[in-house]
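User: Hi! Could you walk me through this one? I'm new to reading structures.
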Amino acid sequence: PGIVGAPYADINKLTDERDYSTLLRNELVNERMKYPWIDTEKVQSEKAVIISDGFDFAENHELIADLPKDVNIFAVNGALMKWKSKKRNPNFYVINNPYSEALHYLPKSNFVKCIASARTNYEFLQKYAGNKYRYYPASDNRFCGIDSKDCLYRIDDYRNPVCAAINLVYRFGVNRLLLAFCDEVFPAQRPASILGENGKSYYPQHLTANNLIDGNLYWLKKNNGCRIAQNTAGPKLKAATYIPLEEMARFFGNDRSS
């Protein structure tokens, strides 16, 4: 989100020239498919979880399924494809991957409402057998795409689905947000990896992504006072309070002290 009257622009310049043709092709094909813009829908989500398929996801995502029904679940990355719970499905799937690797994230079932960047891989969206909505990502100083005039707002997604989901839930009125398994760590060190404080390892690019997410959470807390918690095994998020898995339900309770 930008300041009223200011141009939508991502100053981070995360778009490489080699990607221009891929992004533009995705936009053009997705525009022809006429997927509706998410800003045309009235979505309310005061309580939300953003869940990825990071460390311990498989063993513990049932705890997310156990959360109260008024907590909307926004799945990203491989969380929807790997979702096994029979208790409930996520409410939304958020994706902004422009490459063919996005096809690896296609679920076999559980086709929940999908919110995709206009630049998402067009083959993924064509194969996704569920309701699909687009959002328009903020342009950077070097690439603006086809710049559709039909959407009401732009999303600063930093080419990261967790950042996209954070900005979307802000638009949906969130006041309590939990990030679960939003990390890309592994238990043993590998070549060129970094050993974290908690004994888990990660690659330098994952630290960059973590910093982008942390910056978005700081912005969210500063702008609307959202209470933010996290349960991830990666580098610490300064803008989110760590809570153990067994306290997630309490975090979303009605007690303001929770």
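**Chat about the sheet and a helix**

Analyst: Happy to! Keep in mind that this is a predicted model. Let's begin with a pairing: strand 10 and strand 11 (residues 241-242) run parallel and are joined by two bridges.

User: Which residue in strand 11 is the bridge partner of A229?

Analyst: That's T241.

User: And how many bridges join strand 7 to strand 10?

Analyst: Five, and those strands run parallel too; strand 7 covers residues 176-180. Within that pairing, L179 stands opposite Q230 of strand 10.

User: What is the strand order in the sheet?

Analyst: The order is 6-5-4-3-2-1-7-10-11, in an open sheet of nine strands with parallel pairing.

User: New topic! Is helix 4 mostly covered or mostly uncovered?

Analyst: Mostly covered: helix 4 spans residues 161-171, and nine of its 11 residues are buried. Among them are P161, C163, I166 and L168.

User: What caps the N-terminal end of helix 4?

Analyst: N160 does, with a side-chain oxygen 2.8 Å from the backbone nitrogen of V162. V162 is also one of the buried residues of the helix.

User: And what follows helix 4?

Analyst: G173 does, and its phi is positive, near 85°.

Key
Residues numbered from 1 in each chain as written. Predicted model: local features only at pLDDT ≥ 70, side-chain atom pairs only at ≥ 80, totals over all residues. Heavy atoms only, no water. Pairing = 2+ DSSP bridges. Helix = DSSP H or I, 4+ residues; strand = E, 2+ residues; numbered from the N terminus. Buried < 20%, exposed > 50% of the residue type's maximum accessible area, 1.4 Å probe, protein only. Polar contact = N/O pair within 3.5 Å; in protein donor to acceptor, adjacent residues only side chain to side chain.
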